[in-house]
Amino acid sequence: MAFLNIPLTLLSIAIAGVGFLMIQTVAKHTQKYVRTQQKSLGQMNGLVEEQYSGHSIVTIYAGQKEAMERFDRINETLGHTAFRSQFLGSISNHLSGLISNVGYVLICVSGALLYLNGAIHFGTIIAFMIYVKMFTGAFSQLSSAVVSMQSVAAAAERVFIFLGYGEMPVEEEKVDVSNVKGLVEFKDVHFGYDEDRQIIHGFSIRVEPGQKVAIVGPTGAGKTTLINLLMRFYEVGSGDISIDGISIRDMTRHQVRGLFGMVLQETWMFEGTLRENIVFNRTDVSDEKLDEVCKAVGLQHFIASLPKGYDTPIKDDSSISMGQRQQITIARAMIDDPKMVILDEATSSVDPLTEKLIKEATDRMMDSRTSFIIAHRLSTIMDADLIIVVKDGSIVETGRHEELLRKKGAYKELFDSQFDVSSD
Ligand SMILES: Nc1ncnc2c1ncn2[C@@H]1O[C@H](COP(=O)(O)OP(=O)(O)OP(=O)(O)O)[C@@H](O)[C@H]1O
Ligand SMILES: [Mg+2]
């Protein structure tokens, strides 16, 4: 180009430079709107999901107006930013077209003037007209690529934040747990979900193999937290938990969880048949065994009422009652035949008659197995080998039912409060 004509070359470069700067300026402005747009879209999806799944609660508390206002606020930001980012994105495209055309005209006019002065040949002007088109053509492609890149970058940024979280370390099996008897020991365990708020303050207890241990205490005392630590859902802050003298830190999470059968406060059902929900990932369960377990937890009448029995599909959680879900979860734990058992408020949603039935069944399951039971209704744990009363993450009393009643302490207080309630 420069060999043909220096002034026209400089003009072409100037046009390209101006074009580049203008597109960059617009892109910079667009970027902030694209980011906000993606953020609002995430908020909007979150809100819709939350309001949809909690629709009955929203309706009961007459929260529709508030929900709609929140939706409108997010929607307004989303609409506003989407409009701006689309507007600036399309400006960027048209801007490159404009620069291309203005550049074309400038080259024509300057070429014509140079030609009139006899400084260049006519062919050179034609060559520069083609050059400038090629130059600016590349710019318009660049600008549309920048617009798409921006929305990809804003979305990817959010995905990368998620991917950036640390991975759980891969664990190797270092110890053999196949012959575990069930001696569980908590040694001066301290723990807090957040660094600045400790929940468990120096918890120590030794549970002999086969013992039935009940953990009682007021709401928020840290009972479920103790179970979370035992199952390695969280790691202890300081101190140690061991099973048969082996620290659970030396076992893999998979090994620890394989030792326990759990029935938690929150039940979990997945989409599949009732049979699949009960046997879960086992394949060697006979129908007789299934019948036996379901009868033990009092599910047989419910199953008989279903059109396809065990093969009835469970579409979603709402198609079964809370109590039935607890019965299914207990049946799942019983089928699994674990070495140790954990029941966290396992019968809180069933009627007293079913509770009695389940208690008999779980007593059989817990017989000769180390078991941990958390229950608010003390009637379910009166026969435990050891009752641990926790308050604010510390043990306040331990002993058997009669012993604790004689002590006239925290357990007696809990017991009396229930007695008062039941005699009302
Ligand atoms: N995932 C969590 N993150 C932060 N704090 C938590 C978490 N889970 C529980 N907590 C807090 O830890 C404390 C103990 O909770 P925990 O669930 O162990 O109580 P709990 O004794 O099982 O009560 P409940 O009888 O109601 O089941 C509570 O103050 C609770 O707010
Ligand atoms: Mg709990």
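Trainee: Over the ring of which residue does the charged end of K133 sit?
Mentor: This is a predicted model, in which local features need pLDDT of at least 70 and side-chain atom pairs count only at pLDDT 80 or more, while totals for chains, interfaces and linings use all residues; side-chain values use heavy atoms, with hydrogens and water left out. Residues are numbered from 1 along each chain as its sequence is written, and chains are lettered from A and ligands numbered from 1 in the order in which they are written. A charge sits over a ring if NZ of Lys or CZ of Arg is within 6 Å of the ring centre and within 35 degrees of the ring normal. The charged end of K133 is 5.1 Å from the ring centre of the residue in question, Y104.

Trainee: How many residues surround ligand 1?
Mentor: A residue is near a molecule if one of its heavy atoms lies within 4 Å of it. R197, K223, T224, T225 and Q265 are the closest to ligand 1. The number of residues surrounding ligand 1 is 14.

Trainee: What percentage of the area that ligand 1 exposes when taken alone does the protein bury?
Mentor: Polar contacts, pairs of N or O atoms within 3.5 Å, include one of 2.7 Å between an oxygen atom of ligand 1 and the side chain of K223. For the side chain of T225, the distance from an N or O atom to an oxygen atom of ligand 1 is 2.4 Å. Accessible areas come from the Shrake-Rupley method with a 1.4 Å probe. Taken alone, ligand 1 exposes 640 Å², and the protein buries 68%.

Trainee: How many aromatic pairs does a search of the whole structure find?
Mentor: Rings of Phe, Tyr and Trp (its six-membered ring) pair if their centres lie within 6.5 Å; planes under 30 degrees apart count as stacked, over 60 as edge-to-face and the rest as tilted. Across the whole structure, the number of aromatic pairs found is eleven.

Trainee: In which helix do F128 and Y131 lie?
Mentor: The rings of F128 and Y131 form an edge-to-face pair, with 5.5 Å from centre to centre and 85 degrees between the planes. The two residues are three apart, about one turn of the helix. Helices are DSSP runs (H or I, at least four residues), numbered from the N terminus. Both residues lie within residues 122–163, helix α4.

Trainee: Is F128 buried or exposed?
Mentor: Buried means under 20% relative accessible area, exposed over 50%, and partly exposed in between (1.4 Å probe, protein chains only). Because its relative accessibility is 0%, F128 counts as buried.

Terms used
A polar contact is a pair of N or O atoms within 3.5 Å; within protein, one must be able to donate a hydrogen and the other to accept it, and residues adjacent in sequence count only if both atoms are side-chain atoms.
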